[in-house]
Amino acid sequence: QVQLVESGGGLVQAGGSLRLSCAASGRAFSSYAMGWFRQAPGKEREFVAAISWIGGYRYYTDSIKGRFTISRDNAKTTVYLQMNSLKSEDTAVYYCAADWRPAAGTNLRMQSEYDYWGQGTQVTVSS
């Protein structure tokens with residue numbers, strides 16, 4: 001089992017940057033694919049980015065490509081989401097999630113693939 005704790009959210013002006021962190025505790029962090037999702041007010045939770053547990057492959061939703069970067073540090077058991085050029089539409093609660101050793105070809109954009117979730121961190125972008 002793994003516990004996930006997000007941090008780094010806050011209030012930022014449009015065009016600014018934030019870096020979210022998700023610290024994991026528990027076993028074998030390097031064996032988890034990690035994802036970031038977000039939920040805006042009145043909307044369903046949606047996929048943002050994911051990174052595989054083998055090879056470090058990265059996946060992004062189209063609306064954040066070129067602005068957000070997901071990375072992981074297995075030694076620190078932490079996954080990051082660097083968010084640049086923030087827009088008001090990026091305002092949401094951001095959640096990280098962990099998927100234990102997904103098979104090759106697993107769709108890491110699907111929320112149902114993930115086994116563990118954090119509590120979320122609020123990101124508010126003012127225009």
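Thr77 sits in the loop between β7 and β8. Strands here are DSSP runs of E with at least two residues, helices are runs of H or I with at least four residues, and both are numbered from the N terminus. The model is predicted, so local features need pLDDT of at least 70 and side-chain atom pairs count only at pLDDT 80 or more, while totals for chains, interfaces and linings use all residues. Residues are numbered from 1 along each chain as its sequence is written, and side-chain values use heavy atoms, with hydrogens and water left out.

Thr77 is not a glycine, yet its phi is positive, at about 45 degrees. Most residues other than glycine have a negative phi. The relative accessible area of Thr77 is 26%, which makes this residue partly exposed. Arg101 is found in the loop between β9 and β10 (116–117). With a relative accessible area of 46%, Arg101 is partly exposed.

The overall fold comes next. The protein has 11 strands and zero helices. Along the sequence, the pattern reads β-β-β-β-β-β-β-β-β-β-β. The radius of gyration is 14 Å, close to the 14 Å given by the globule rule for 127 residues, so the protein is as compact as a globular protein of that length. This radius is taken over C-alpha atoms, and the globule rule is 2.2 Å times the number of residues to the power 0.38. The C-alpha trace spans about 40 × 25 × 25 Å along its principal axes.

Of the 127 residues, 43% count as buried. The protein exposes about 6400 Å², and carbon and sulfur atoms supply 46% of this area. Accessible areas come from the Shrake-Rupley method with a 1.4 Å probe; for residues, only the protein chains shown count as cover. Contact means heavy atoms within 4.5 Å. Among contacts between residues at least 6 apart in sequence, 60% join residues at least 24 apart.

Charged side chains were examined as well. Side chains of opposite charge can pair when their charged atoms come close. A salt bridge is a side-chain nitrogen of Lys or Arg within 4 Å of a carboxyl oxygen of Asp or Glu. By this rule, the count is four salt bridges. Arg38 pairs with Glu46, their closest N and O atoms being 2.7 Å apart. Arg38 is buried, at 5% relative accessibility, whereas Glu46 is partly exposed, at 35%. Arg38 also forms a salt bridge with Asp90 (2.9 Å, N to O). Arg38 lies in strand β4 (residues 32–39) and Asp90 in the loop between β8 (78–83) and β9 (92–100), so this pair ties together parts that are 52 residues apart in sequence. Asp90 is buried, with a relative accessible area of 1%.

Another salt bridge links Lys65 and Asp62, with closest N and O atoms 3.1 Å apart. Lys65 is partly exposed at 48% relative accessibility, and Asp62 is exposed at 61%. Shared partners join the salt bridges of Arg38, Glu46, Arg67 and Asp90 into one network.

Asp99, in strand β9, has no salt bridge although this residue is buried. The nearest side chain of opposite charge is Arg72, 10 Å away. Lys and Arg count as positive and Asp and Glu as negative, while His and the chain ends are not counted. Beyond its neighbours within four places in sequence, Asp99 is in contact with several residues, including Tyr32, Leu108 and Tyr114.

Phe68 is found in strand β7 (residues 68–73). Phe68 is buried, with a relative accessible area of 2%. Leaving aside neighbours within four places in sequence, its contacts include Arg38 and Asp90. Tyr59 is in strand β6 (residues 58–60). Tyr59 is partly exposed, with a relative accessible area of 30%. Tyr59 and Ala49 are 10 residues apart in sequence, and their C-alpha atoms are 5.4 Å apart in space. Not counting residues up to four places away in sequence, Tyr59 touches Phe47, Val48, Ala49, Ala50, Leu108 and Arg109.

Key:
Buried means under 20% relative accessible area, exposed over 50%, partly exposed in between (1.4 Å probe, protein chains only).
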